[in-house]
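Grab a pencil and work through these exercises with the structure open beside you. Each task comes with a solution in steps.

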Amino acid sequence: MSESFDLIVIGGGPGGVAAAVRGVQLGVKTAIVESTHWGGFCLNRACVPTKLFAATLERSKTIQAAAKMGFSKAEAVVDPAAVFKMKDELVAYFSMGTEGLVKAKGVTPLKGKGRLAGPGRVAVGDKLYQAKAVIVAVGAQWVRPSFPGAELEGVVNSSQLIEEGQVPGRALILGAGPWAMEMAQFLGACGSQVVVAARERGILPEFDAEIGQRLRAALKKDPLEILSACQVVSVSKDPAGLSAVFSVKGKQETRRFDRVIAFDRRPDLAELGLETVGLEDLGVDERLSTNAPGVWAVGDVIGKEPFLSHRATAMGILAAENALGAKRAFNPAGVPRIAYTCPQAASVGLTEDQAEEAGYEVVTGTAAIAASPMAMIQGAGSGVVKVVGEKRYGELLGVHILAPFATEIIGAAALAIQMEATLEDLARAVLPHPTIAESLSDAAREALGWAIYIP
Amino acid sequence: MAIEITVPKLGLTMEEATLVAWKFKAGEVVKKEQVVLVLETDKVTFEMPSPGEGLLHPLAAAGSRIEVSQVVGYLAADRAELEQLAARHPAAQTGAPAPAAAAPGGRVKASPVARVMAKAHGIDLARLAGSGPGGRIVRADLLAAIEKGPGAPAPPAPAAATVELLSAAQEIPIAGVRKVIFKNMHLSLATQAQLTLHTEAAADALIRLRRRMNAAGGAKVSFNAILVKVIASALKQHPLVNAAVEGDRIKVWRQVHVGVAMDLGKGLIVPKVRHADTRSIREISAEIDRLVEAAKAGRLSLDDLTVGTFTLTNLGAWDIDDFTPIVNHPESAILGVGRIVEKPVARNGQVLIEPRMALSLSFDHRIIDGAPGAAFLKTIKDMIEEPALML
């Protein structure tokens, strides 16, 4: 007789761990299945390593700016080997922490590759378990680009580059999303010659247009080149590395690189046993229920962007509750998007364009951080805090920030959006001075027509 | 010490029930003997009195299946105990209709946008139930309230009583099975866009098939058994008919569970022939016999009664031909079968006398358009006229 659980979570990343812990908290017997490293993609190959890179970048910028503050011997030379060593230590530390957490909370860890094996059953390796509810949280996998030459050794994904532990001399970055821009800036700071092949016209295409435009202007001083509306046609082997042909605004161009770095990910549904419960994909409704009774899915594996660790965590908690009888809907509007560029970009809710498309009578307020004393003290003059609202009820619909600490400041905005705050609430929030965050209030006041500090 | 609320056994065979609703919200004071929750089996609806007095801490969510003697909630003696319970077992959603967001102190929990919307539309927040975290009134609640309008207009005053008032000879309580029928029939027509198609099939092949099967010995095979098989075979060819609406999705079921409507004197019941598509006519016939016997003896299990995907209703025994059956919600189609009766039929310029049978298919036009519905009914008709098509 196979062992039976009330809840089995497949996947030990952020979404899976949150779901499993919540299951135990709700009083049911819960297991979590993980085949390789606890903590998933976020901990092992994305959030933790790349944010260390972002911190390195930040430090190098600080040191570069230090001369202005009177530091005479500051020199921003990064030794990548030291950064990669620190990355390994951090990842090992947190991965151990995740396994400990799972056990301390009373979740039964099952080591091996998990898959669905018919209604109410999960197979782990050759062992079969019974489960009243199953939450699938196995994340997404790297996808190779589709141009000829994508199979060449020098064409790598971000994880492979991180594992190589070396900074390439010349790097081609495919895409201009948050990760791509973070990596481009980090490699640039480490002395790499970087070209960003942006598919769209601008960078950070999923952010409010104003954020992308302003970041691009801010990046003018960075040692990297951005090619807009650029398609890679092919990559081939070259005696001195790789030769990439791309078309930029209709014109073909050839450049040489040591590494071509890809960032696209998609869920791999092939070995999850979906067919055993009659599923073709893991699309979910607003309660995160799949089309198969008792099967739920959270995080990147649902296939719908944005692929974010904190979204997976929030979904994991909700799916566990719903799997055990609650009926709550997941609210995608409350999920912040972030880019650890320098300056940082962060955003929550609707962009101005999305709000227009949704049919709102849109109002916006913009506070340039050049007017913020704290931003200027930090030596950051290019950035903005923008709020998007609607006229009828004065609801706050979105907040978009390009500024130092934007990824921290956006937390306040995420809470405001989740709690359905109005522009008036934000305009009257008493925020400490001098901070960059105080621009939030003035941007909201500007949307209402009574900004105090915007001329 | 908190008082446990457990589900009583309401009949010899009852093993589980549905917790239809809590009558109080989490944290509200419940007095002894007040109706604290409503249970329902397919046979009965039971308003359960509270076993004692205390602050309610529900564990089982409204709408969930409950086993006999399961602890579905607690009554805490005081706030401190309630908080201890809440820390150990999170409260379930009660779905009780009480004005949720108005806390005892009179403060209404509502989001800022909800407050602005309420003011703009003159809606009293204290009268709304909140669906947000902790019963908070949120935008969605206001949108629903605005859509509903400021409340139904008052009914017109009754006309002056110039005629003799009606007096009831008998008052039948709407309870138990009747209550379930009330609810389901209304729900079906209130939520679905139903229409009925009528046709007629030649019944001679059906009669011949049944006669042959019965001549071969064994238990007698009923017309209904053959019809269930016909339906199951036709559903395999028209899977979209074997579906239901759940939330914002249409779910096309893999299983084929055909319900057979029967009235054994205590109201309508619809036991299911589960997995009808995988069973032979003889197996289906034996299963229907078992269901009838079990129903007569009041021994139908919940498995027998719940989760169908299609229903057959046969009024032939009452000399009915065409009728408009009501879909057994949440299924999306039902086949009504009339009597087999000899009728004159014109064929090749000649009038023949032949046994005919009326077929009435009601279905939910939200899911099934007219043409696919008609095609399904045509498949049924063809299989009745030529049972070999089922193979």
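**Exercise 1.** Find how many residues of chain A are in contact with chain B, and sort the chain A side by class.

*Solution.* Start with the contacts (C-beta atoms, placed from the backbone, within 7 Å): 16 residues of chain A meet 20 residues of chain B. Next, sort the chain A side: five nonpolar, six polar and five charged residues. Here Ala, Val, Leu, Ile, Met, Phe, Trp, Tyr, Cys and Pro are nonpolar, Asp, Glu, Lys and Arg are charged, and the others, Gly among them, are polar.

Keep in mind that this is a predicted model, where local features need pLDDT of at least 70 and side-chain atom pairs pLDDT 80 or more, while totals for chains, interfaces and linings use all residues. Residues are numbered from 1 along each chain as its sequence is written, with chains lettered from A and ligands numbered from 1 in the order written.

**Exercise 2.** Work out the strand order of the open five-stranded sheet in chain A, and name its edges.

*Solution.* Strands are DSSP E runs of at least two residues, helices H or I runs of at least four, both numbered from the N terminus; strands pair if DSSP finds at least two bridges between them.

1. The order reads β18-β19-β22-β21-β20, with antiparallel pairing.
2. β18 (337–339) and β20 (362–368) are the edges, each pairing on one side only.
3. Zoom in on β19 (344–349) and β22 (396–403) of chain A: six bridges join them, and A:Val348 has A:Val399 as its bridge partner in β22(A).

How values were computed:
Two residues are in contact if their C-beta atoms, placed from the backbone, lie within 7 Å.
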